[in-house]
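Subject: Two-chain model, handover and notes

Hello,

Please find the structure below. My notes on it follow.

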Amino acid sequence: MTSVETLLNVEAIRQDFPVLHQEVKPGVPLVYLDNAASSQKPTQVIEAVSEFYRKHYANVHRGIHKLSEESTEAYEGARAKTATFINAASRREIVFTRNATESVNLVAQAWGRANLMPGDVIVLTEMEHHANIVPWQLIAKERGAEVRYVPVTDDGLLDLSGLDTLLSGPVKMVAATHMSNVLGTVNALEGLVQAAHDVGALVFVDGAQSVSHKPVDVQALDADFLAFSGHKMCGPSGIGVLYGKRELLEAMPPFLAGGDMIKRVTLEGAEWNDVPWKFEAGTPAIAQAVGLGAAVDYLTRVGMDRIYAYEQVLLGYALERLEEVPGGAGAWARPVQEGRGGGLHAGGMHPHDIAELLNDRGVAVRAGHHCAMPLHQRFNLVATTRASFYLYNTREEVDRLIEALYYAKSVFAF
Amino acid sequence: MDMYRELILDHYQNRRNWGLVEDPDIDYEEDNPLCGDHLHLTVRLDDARRVVAVGWEGEGCAISQASASMLGEAMVGKTLDELKHFSKDDILEMLGIPISPVRLKCALLSLKILKAGAYGLTGWPGEEDE
């Protein structure tokens, strides 16, 4: 445990998150293990947003006055921080959206309408969140394109054995998750990216789960697009990011139209603004972007490599403890490769019942299909119970999870 | 623990009227895809249009299954018209526990299937209170 404590000073980190210090009912402290759905916010982010509203708020890019200038500087400063965080070549490659979902829709619609022809192919994986499936299905239907899926192995990994066949023909886009929100699997995408580029396809990476938990370098990954959400990485909800290679963003038509995304409008038409503002129609989520900038500062200060290493140790401990729970490890924990989350499913108990009884003991988990129905169908499951960790979780909280599972089993002992 | 009082666990573990009836007069099934709950209801009526046999099949959480088991017991002997008057409050009273808004859909799946199966109703008074 000593080595883990040198990875992260978790007790100090926990002091930064006021919401963690509460009881769900008298005598039962909260154990928050629903981080894959959304993360909690440190004081540094909460204060940054409050300070911004108290002292600097105005609309961006328009006003010739002090507050608007300060607001613009803060908003664009958050963009620069975000670019550095994922090692984008330029801040101009960072488009602010509402969330990762909107980022997928933006590319599927704006790029898809301009580039997909009937018979073209989009390759997805069976492991995707609905947000990285449905937008592509919609544009594929509209453009007469075909959607193919990389299968998932019994071990919860991408099965790339048939990749040559999947990538044959007019494949234009490959969209894959960097980290599964159900299995916790981290996909080493380098091979897939290379193979896709070799056949002239672009690569869209869903980073909603990876950017918050591990260092991500878009240039090393050579992703053409990367989507993620602020709220899963200690930032506010309502702010998301689309990273896109600049020449690709420049070649794409706009997604939403309105103010701020144009240079000039006449009664006959309009001339688009430069990227990234071309994709930011209307007043953006200004304070939320500032909050995201503060979250990036916070995570950078702690260190993404340390966070990832710490979570691996915590996950290892959780999987080890889950083996002890009666019913067998197979019934309780699906081993995950390098990931941080485990999908729990127990014979004879419905995930909703497990989650409800864990909540009784203060343990917050997620039950359901986690917006990944095709993946659940792949494993013949309708629903799972998911415990997912973040930098502020502790071994003691894993112990609380295990105790709560014993409790749930005792209620349903039959 | 309140939600898992003995009566509910008893109905969940020993679901009443389980197994479909033959030659049913009412035969309807539905999923709640969000939770993966599934219920199939069959009902046989006598000449006086009174329920003589109820048969359920399905799977799901303790709340949805116990509610179906309890509702099935209550349906036997009722006329079609009386079936029509089963309400959300009746289900909640049978369960006898506080149901959180999130779990209301689980608790009411059986009632929804009864209403849809017996009358083709997609809604009923009180449903919008959910």
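Two strands are counted as paired if DSSP finds at least two bridges between them. This is a predicted model, and everything that follows should be read with that in mind.

**Chain B: the sheet**

By that rule, β1(B) and β2 (residues 37-45) of chain B are a pair: 7 bridges join them, and the two strands run antiparallel. One point on this pairing is Ile26(B), which stands opposite Val43(B) in β2(B). The whole sheet is open and has 3 strands, in the order β1-β2-β3, with antiparallel pairing. β1 (26-32) and β3 (51-59) of chain B each have a single partner strand and stand at the edges, so one side of each has no neighbour in the sheet. From one strand to the next, the twist averages 15°.

Two helices pack on this sheet. Helix α2 (residues 62-75) of chain B touches β2 and β3 of chain B, and its direction makes about 175° with that of β3(B). Helix α5 (residues 104-119) of chain B touches β1 and β2 of chain B, at about 145° to the direction of β1(B).

**Chain B: the rest**

In total, chain B has 5 helices and 3 strands. Along the sequence they follow the pattern α-β-β-β-α-α-α-α. Chain B has 130 residues, of which 38% count as buried. Among its contacts with a separation of 6 or more, 61% are between residues 24 or more positions apart.

Where chain B meets chain A, 11 residues of chain B are in contact with 11 residues of chain A. The chain B side of that contact has 8 nonpolar residues, 3 polar ones and no charged ones.

**Chain A: the sheet**

Chain A has an open sheet of 7 strands in the order β4-β10-β9-β8-β7-β5-β6, and its pairing is mixed. The edges are β4 (94-97) and β6 (146-150) of chain A; each has a single partner strand, so one side of each is left without a neighbour in the sheet. Neighbouring strands are turned by 20° against each other on average, direction ignored.

β9(A) shows both kinds of pairing. Strand β8 (residues 202-206) of chain A is joined to strand β9 (residues 225-229) of chain A by 3 bridges, and these two run parallel. On that side, Phe204(A) has Phe225(A) as its bridge partner in β9(A), and Asp206(A) stands opposite Ala227(A). Strand β10 (residues 240-244) of chain A is joined to β9(A) by 5 bridges and runs antiparallel to it. There, Gly244(A) is the bridge partner of Phe225(A).

Is β9(A) buried or exposed? It is mostly covered, with 5 of its 5 residues buried. In a regular strand, side chains alternate between the two faces of the sheet. In β9(A), Phe225(A), Ala227(A) and Ser229(A) point one way, while Leu226(A) and Phe228(A) point the other way.

**Chain A: α5 and α6**

The axes of helix α5 (residues 100-115) of chain A and helix α6 (residues 134-143) of chain A come within 9 Å and cross at roughly 15°. The two helices are therefore roughly parallel. Their crossing is right-handed. On the α5(A) side, the residues that meet α6(A) are Val104(A), Asn105(A), Ala108(A), Gln109(A) and Gly112(A). Facing them in α6(A) are Pro135(A), Trp136(A), Leu138(A), Ile139(A) and Arg143(A). By class, the residues of this contact are 6 nonpolar, 3 polar and 1 charged.

**Chain A: Lys41**

Lys41(A) may be worth a look on your screen. This residue lies in the loop between β3 (31-32) and α3 (43-56) of chain A. Why does Lys41(A) count as buried? A residue is buried if 20 or more other C-beta atoms lie within 10 Å of its own, and Lys41(A) has 25. Leaving aside neighbours within four places in sequence, Lys41(A) is in contact with Ile46(A) and Cys234(A). From C-alpha to C-alpha, Lys41(A) is 6.1 Å from Phe17(A), and the two are 24 residues apart in sequence.

Regards

Notes:
Residues are numbered from 1 along each chain as its sequence is written. Chains are lettered from A and ligands numbered from 1 in the order in which they are written. This is a predicted model: local features need pLDDT of at least 70, side-chain atom pairs count only at pLDDT 80 or more; totals for chains, interfaces and linings use all residues. Axes are lines fitted to C-alpha atoms, for helices over the stretch in contact, and angles run from 0 to 180 degrees between N-to-C directions. Helices (H or I, at least four residues) and strands (E, at least two) are DSSP runs, numbered from the N terminus. Angles under 35 degrees count as roughly parallel, over 145 as roughly antiparallel, 65 to 115 as roughly perpendicular and the rest as oblique. A crossing is left-handed if the near helix is turned anticlockwise from the far one by less than a right angle, and right-handed if clockwise. Two residues are in contact if their C-beta atoms, placed from the backbone, lie within 7 Å. Ala, Val, Leu, Ile, Met, Phe, Trp, Tyr, Cys and Pro count as nonpolar, Asp, Glu, Lys and Arg as charged, and the others, Gly among them, as polar. A residue is buried if 20 or more other C-beta atoms lie within 10 Å of its own, exposed if 12 or fewer, and partly exposed in between; C-beta atoms are placed from the backbone.
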